[in-house]
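Subject: Structure handover

Hello,

Here is the structure I said I would pass on. Please open it first and keep it beside you while you read the notes below.

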Amino acid sequence: MNILITGALGFAGCSISEYLLKNNYNIIGVDKLLFNTSQLSYFNKNKNFIFYKYDLNNYKKIENIFKNHKINTIIHLAAIVGDPASKKNPKLTKQTNLDSSIELFKISKKYGVKSFIFFSTCSNYGISSQKKLLKESDNLKPLSPYAKTKVYFEKYLLRDKSNIKKIILRISTLYGTSRRMRYDLTINEFTKKIFKKEKFDIYHADTWRPYLNLVDLNNILLKILKKNFSSLTNVFNVGFSEENFTKRQIIKKISNNFKIKKNDIFRFVDTQHFDKRDYKVNFSKIKKIGIKKHISLNMGIKKIISYLKTSKKNDVNNRIYYNHK
């Protein structure tokens, strides 16, 4: 099976590409390598990986890929990712996350792609005053340009009546290690800062969000690829219900791994911050396809610490490890 992955060499893309190659899929990767290029050398060694350094916004180049390859499935990750980056570049965010996503979907239909898997986000839920865990049918309240464009494209896919199978995945906040590492994701960031003894503030410490390790994301995606869905359109929250945490809970688990006796590294701050997201998510629907959790939060933190220990000589504050800095 030929799978086209957009954003194939990003934080999640690298992990997914590597995992699917190990599971004998042929991967056609598209990425403009905005932040880092070192990860490319690993993938170029694999004969089942074909790479195009293309910008998703260049429709002509993107369509040429379809002319040259028979593509069965699209895994669409490419985007301006995260609230800070999208607020800094709202025009580019709309162009990339919405306009070019629509164009990619149109090209996919034109060339007979069987299934289109769209990486959306649980950030679409925004702020919830409800105590219950939010299901796929609950109201979406996106706060940032990032989440708003994801919601708009979701709605576009849901309106489509063609025979291409559309699978919308609302992904939990990711963490873990990748060949394109990021230290601007909550768990990765907090772990790195405590490891490096960098002082920092934690805003809205008691707000909730679900988190998901890349290892579990890979396993869930493989399950989805192998599943023959009867419905043409499916929406899933992607994660585990027991992996909803507050920032206070996360920082406690990280701190326990460092045996901090007297904390002079981080402090909880009550003042307002731009990121007000606060929601807990229900993942019972995706659990029905038989997914299992492989990495607990504590295991994931330990893996990041191990990664940091082997990366001591690297400048973990280098711009290449951040989508926005």
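Asn68 lies in helix H3, which covers residues 59-68. With a relative accessible area of 55%, Asn68 is exposed, because anything over 50% counts as exposed. From Asn68 to Thr177 the sequence distance is 109 residues, and the C-alpha atoms of the two are 33 Å apart in space. Please keep in mind that this is a predicted model, so every value here is computed from predicted positions.

Ile27 is another residue to look up. Ile27 is found in strand S2, residues 26-30. Is Ile27 buried or exposed? At 0% relative accessibility, Ile27 counts as buried, because the limit for buried is under 20%. Setting aside residues up to four places away in sequence, Ile27 touches Ile3, Ile5, Ser17, Leu20, Leu21, Asn48, Phe49 and Ile50. One of these contacts, Ser17, is ten residues from Ile27 in sequence, and their C-alpha atoms are 7.0 Å apart.

Ser15 is found in helix H1. Its relative accessible area is 11%, so Ser15 is buried. Neighbours within four places in sequence left aside, Ser15 is in contact with Ser178, Leu214 and Asn218.

Salt bridges

The count comes to 16 salt bridges. I describe some of them here.

Lys22 and Glu18 meet through their side chains in a salt bridge, at 3.3 Å from N to O. Both residues lie in helix H1 (residues 11-22), four residues apart, which is about one turn of the helix. How do the two ends of this bridge sit? Lys22 is exposed, with a relative accessible area of 58%, whereas Glu18 is buried, with a relative accessible area of 15%. Glu18 and Lys22 also belong to a network of salt bridges that includes Arg179.

The side chains of Asp206 and Arg248 form another salt bridge, at 2.8 Å from N to O. Asp206 lies in the loop between strand S8 (200-203) and strand S9 (208-213), and Arg248 lies in helix H9 (residues 247-258), so the pair ties together parts that are 42 residues apart in sequence. Asp206 counts as partly exposed at 47% relative accessibility, and Arg248 counts as partly exposed at 36%.

Which parts of the chain does the bridge between Glu243 and Lys293 link? The side chains of Glu243 and Lys293 meet in a salt bridge at 2.9 Å, N to O. The pair links distant parts of the chain, 50 residues apart. Glu243 is in the loop between strand S10 (233-238) and strand S11 (244-246), and Lys293 is in the loop between helix H10 (284-287) and helix H11 (297-309). Glu243 counts as buried at 5% relative accessibility, whereas Lys293 is partly exposed, with a relative accessible area of 32%.

A charged patch

Which residues gather in a patch of positive charge on the surface? They are Lys223, Lys226, Lys227 and Lys292. One of them, Lys226, lies in helix H8, residues 214-226. At 61% relative accessibility, Lys226 counts as exposed.

Backbone angles

Leu33 has a positive phi of about 50°, although it is not a glycine. Leu33 is found in the loop between S2 and helix H2 (40-44). At 10% relative accessibility, Leu33 counts as buried.

Lys197 has a phi near 55°, again a positive value in a residue other than glycine. The place of Lys197 is in the loop between helix H7 (186-195) and S8. Lys197 counts as exposed, at 65% relative accessibility.

Regards

Key: Residues are numbered from 1 along each chain as its sequence is written. This is a predicted model: local features need pLDDT of at least 70, side-chain atom pairs count only at pLDDT 80 or more; totals for chains, interfaces and linings use all residues. Side-chain values use heavy atoms; hydrogens and water are left out. Helices (H or I, at least four residues) and strands (E, at least two) are DSSP runs, numbered from the N terminus. Buried means under 20% relative accessible area, exposed over 50%, partly exposed in between (1.4 Å probe, protein chains only). Contact means heavy atoms within 4.5 Å. Patches are made of residues with over 30% relative accessible area and no salt bridge: like charges are joined within 9 Å, nonpolar side chains (Val, Leu, Ile, Met, Phe, Trp, Tyr) within 5 Å. Accessible areas come from the Shrake-Rupley method with a 1.4 Å probe; for residues, only the protein chains shown count as cover. A salt bridge is a side-chain nitrogen of Lys or Arg within 4 Å of a carboxyl oxygen of Asp or Glu. Lys and Arg count as positive and Asp and Glu as negative; His and the chain ends are not counted. The place of a charge is taken as NZ of Lys, CZ of Arg, CG of Asp or CD of Glu.
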